[in-house]
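Here is a short briefing on one protein chain. Look through the structure first, then read the points by topic.

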Amino acid sequence: YAIPVTTPSALTGQKFFPPLSVKASAQLYRCIMRAYAGGRRTIPIDSLECVLSALPGVEESDALIGIKDYLYHNVGAPMYSEETMPDILEPDYAIIDKKPEGVPEWIFDDERNSGDNNDQDEVHIIRKGICEYFTEGPLPCLGSSTYSSKPEESRTAKEREMASQAERAVHKKFQYIVESLKYKPHDASKWYRAGLCVGVKIDIILDRLPQASQGYNASEFYLKRFANENDRQTDFRKVEPESLPLVSLLEQQHKAYTEEISNNELDLVLGNDLSIFLETPWSSFSCLRDFSLRLGEFLRQRETSKSNIAGDFDGEFSRWSMIQSKFDEGNFADWQHDLGRMFVRALAQIREKCIRVAFSLSKKTTNKKIQDLHPEISESLGTMYYNDIGFSLRILTPFEIRQRSKLAQLFFQRALSSILETEGEDDLAEYELLLMVGKCQEKIAKTLQSESYSSTSGRLYEVNMCKALESYNKAMLALQNYEKQNGSLDIQAGGSAHGILEMIYRLHASRLKILLSAVKKAKYEREMAEIEALNITESFWFEKPKLVSNEARESNADIRERVWAVLADIVESMVHCRREQSFFHRSIFRHAQALLWAPLFHDPDGFVQDGSLALVPAHKSYRLRGLSSGSCAKSADAILNSLFDKKRPQLCAVWVTTPPSPSPFEYINDSSRKFDRLRCKYIGAFIDCMRLCRRRSILENFLKWCKATSRDLPSFYDETATEEGETPQSSHSSSNLITSTGLTYFAMKYANNAVAQIICQEISELILKEMNEKEWEKQMTELLGDAYKCFLRLNCPEDDSLWQSVKFKHQIHDGTIFEVEALCNAFMALNGIKSTPSIPISWEQKRLLFRFAAKEAEKLFPALGISSISMKKKRKRKNQETTNSKSRIESRDTVKKKIAVKVPVGLEEGQKFVITINCGYFRRNVQLLATSTKKIKFYLDIPKDAGSEIKYSHVKT
């Protein structure tokens, strides 16, 4: 007989019937292994879990206890010590070769780990065999960025459930791997798989958390307009700080790092047991809520216990209380974010411990199979540290970026040297690793950009940036050798990893960044900066022009001409990428960026008030492919429009292509957050281009695309957190744009803001025009209506308490919320105030103006307000009793009753108005159109038991 099990399998969710005894379990195991011997078929996971269900619990041996103590002990975030000069110039490889701190020494003892005295125990043999089987095979996976970006997937109610199931599967898989380490603790491949397994859960959480930065910086994409040169230099200094001597720069950056760490108390992992972060599915709102309460109770008891005499645990409970207070206040999204960051930091500790042990074991082993795994482990560690920079949950200081980049570079270089030693020449692996080494060197160089210039020696920025471009160049040569022998690697789809085109793009995009950094320097050091930039960039031409000779370089001849020659060469390389591969989208962004900054490259002291709208003289513009005789912004617009040529679910023509078995290099691009980062960058650039070119209709059409698309994963999780884990009851198009976060909301908010800015410009121009009063009033009224549309798209009424907060008070007073500014400007102009008041108005006056403008627009354009109200009425009610009562009313027998309504006085034919029908308990809002007659007659279904007396009242006109 068999006893049915009500709990499903942890890995598959299927139910099974366990054997009645250990003996029956052993017989079933032998039967399964005989049936599937020889690897002809895959053994069903459920059958092995069925066998395990009847076996005694896991034996907590000394080895297993020691491994768990090492993995689950919370050691806190790493602290980086202050740098010395040799550390920057010559990286210390001893840093990565030493054994991880806290790891049991017996793990590296081959003699102790070679024997196994328990193999005579049948239960031991069965459990070991099953654990070994479960250790192998693919890791649990929820899906790649392609899955995450599908509208129909990300909006389903099952998204959280699917993600939490994947997290539980990761935990189960990790448990089996750790248990198998009890039998072979020196097996580097198992330690490595354990680390990769934890990495799957980290990626699931990171893809659903908002990142520290969206990925788009308008100040880097185009040249802004300024009133004078001082304002422009002040803006440039926000990105390029004032120069300092190297020693002072390093001290300042380390001081900023220590202050950041001390001020970010919530960056700590609370508690001393990391296993709870692996066991709990973060994606499940109810599980997360229970986890938080259990953690808080544990911290409270520990802080008040006798073991805390020294005060080692003081403050952890108060930090937990700060997080939990957000939940108590109903701020569920921020509460979820804080716990999510804690989960990621805790899991990152476990992953790093696992892979660092695998690295140390694979380095000292004599096993050929494990030795061959050493380069892959090294590359995975490099990828891990590199991703910590790009997808950090907070803004990293330059000091932290440099330290993590140095670590990543060391592991990539170790992987490269190991491949060359063990496998000989491998051009493909060499290309990938050299590319990543170059990326690390480039990040190191950027942290040293603010070093002051010296007439006697070069800067470390120049040294590291030259190394980066040399690495890219070597990677390109290695790839050319590979493609000559094996054919092209170019993929016929969007994304990264395009073989030789990827390297061409990477090398010349970095050259563009170097030029931009130099030309934005202050006037007193710009010449030295541009000479330095030319020394770096003129060594790596795409097509070397004849006019640049070694003599010209040595004599420092016409710097402007040399800079323009490099810029033209960079543009040519970007055009080449797109011509060779029509799906290569990143070269479009850089091509447009180069054209938008062309005025500054032509004349660094000119075009202050024109910015990217300036015109470059024809004798120079013809040399930049794509730059017409008109404004640079219009030329960039023509380039960038190809990514937004039609309506798409993902808004722009971006795809991420992932091979079936991605390498650590390719894995960087296979994530929802990488996909969203690219989309955000292109969407922001497109909106800015349309704003500069005053293409309001295109932006308004783009806003319709945004409403038709779905929420991105981070905003979906924020919305479901607000609903306490339930599916959002309304579309994202009706959410408050002011407070909402995520890529979709960024696109809607940024586009709406751009439309409002264009309206402000059109109002200013219309005020200066000479025309008859009637025509002027007609056009200004239309602009007021357009401004009112912009304001309504915020989904934040003028009487909302949000406008009373300190943050938005300042923004409204300063005129930085352009939706409000456009509404106020149109209202003032329409009422005869056509110039800005000479005396600055107070916040109270601006607030009063804002309210009057909104009320006036509501009266003039009642249909706009009604459409906004009707959208909100369509939301499903949160109160279940109200929903049930409504369904009960609608399910009753109804009767058609004739209703006659008077048309409100003053309404023109075709104008909309809303009335409320009351009949007993029955209440219904009805929207009607005014006619030429005084009364409108219509029929309405009303419940029979609601009563006979029908009343109506006007709600809105």
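Helix 22 and helix 24 cross in a right-handed way. This comes from a predicted model.

**Helix 22 and helix 24**
- Two packed helices are described by the angle between their axes and the distance between the axes.
- Helix 22 covers residues 460-486, and helix 24 covers residues 523-537.
- Their axes cross at roughly 25° and come within 10 Å.
- Angles under 35 degrees count as roughly parallel, so helix 22 is roughly parallel to helix 24.
- On the helix 22 side, the contact uses Tyr461, Glu462, Met465, Cys466 and Leu469.
- On the helix 24 side, it uses Glu532, Asn535 and Ile536.
- By class, this contact has five nonpolar residues, two charged and one polar.

**Helix 26 and helix 27**
- Helix 26 (residues 559-580) packs with helix 27 (residues 586-596) at an angle of about 150°.
- The axes of helix 26 and helix 27 are 9 Å apart.
- Angles over 145 degrees count as roughly antiparallel, so helix 26 is roughly antiparallel to helix 27.
- The crossing of helix 26 and helix 27 is left-handed.
- Helix 26 brings Leu567, Val571, Met574, Val575, Cys577 and Arg578 to the contact.
- Helix 27 brings Ser587, Ile588, Arg590, His591 and Ala594.
- Seven residues of this contact are nonpolar, two are polar and two are charged.

**Nonpolar cores**
- The largest nonpolar core holds 229 residues.
- Phe174, Trp191, Phe702 and Trp803 have the most contacts inside this core.
- Helix 18 (residues 332-364) gives the most to the core, with 15 residues.
- What does tryptophan 191 touch, not counting residues up to four places away in sequence? Its partners include Ile67, Tyr70, Leu71, Ile107, Cys354, Ile355 and Leu361.
- A second, separate core has 17 residues, among them Ile917, Cys919, Ile936 and Leu940.

**The whole chain**
- The chain has 41 helices and five strands.
- Of its 957 residues, 52% are buried.
- Among contacts with a separation of 6 or more, 76% join residues 24 or more positions apart.

**Serine 629**
- Serine 629 sits in the loop between helix 29 (618-621) and helix 30 (632-640).
- Is serine 629 buried or exposed? Its relative accessible area is 61%, and over 50% counts as exposed, so serine 629 is exposed.
- Valine 616 is 13 residues from serine 629 in sequence. In space, the two are 7.3 Å apart, C-alpha to C-alpha.

Technical notes. Residues are numbered from 1 along each chain as its sequence is written. This is a predicted model: local features need pLDDT of at least 70, side-chain atom pairs count only at pLDDT 80 or more; totals for chains, interfaces and linings use all residues. Side-chain values use heavy atoms; hydrogens and water are left out. Axes are lines fitted to C-alpha atoms, for helices over the stretch in contact, and angles run from 0 to 180 degrees between N-to-C directions. Helices (H or I, at least four residues) and strands (E, at least two) are DSSP runs, numbered from the N terminus. Angles under 35 degrees count as roughly parallel, over 145 as roughly antiparallel, 65 to 115 as roughly perpendicular and the rest as oblique. A crossing is left-handed if the near helix is turned anticlockwise from the far one by less than a right angle, and right-handed if clockwise. Contact means heavy atoms within 4.5 Å. Ala, Val, Leu, Ile, Met, Phe, Trp, Tyr, Cys and Pro count as nonpolar, Asp, Glu, Lys and Arg as charged, and the others, Gly among them, as polar. A nonpolar core is a set of buried Ala, Val, Leu, Ile, Met, Phe, Trp, Tyr and Cys residues joined through side-chain atoms within 4.5 Å. Buried means under 20% relative accessible area, exposed over 50%, partly exposed in between (1.4 Å probe, protein chains only).
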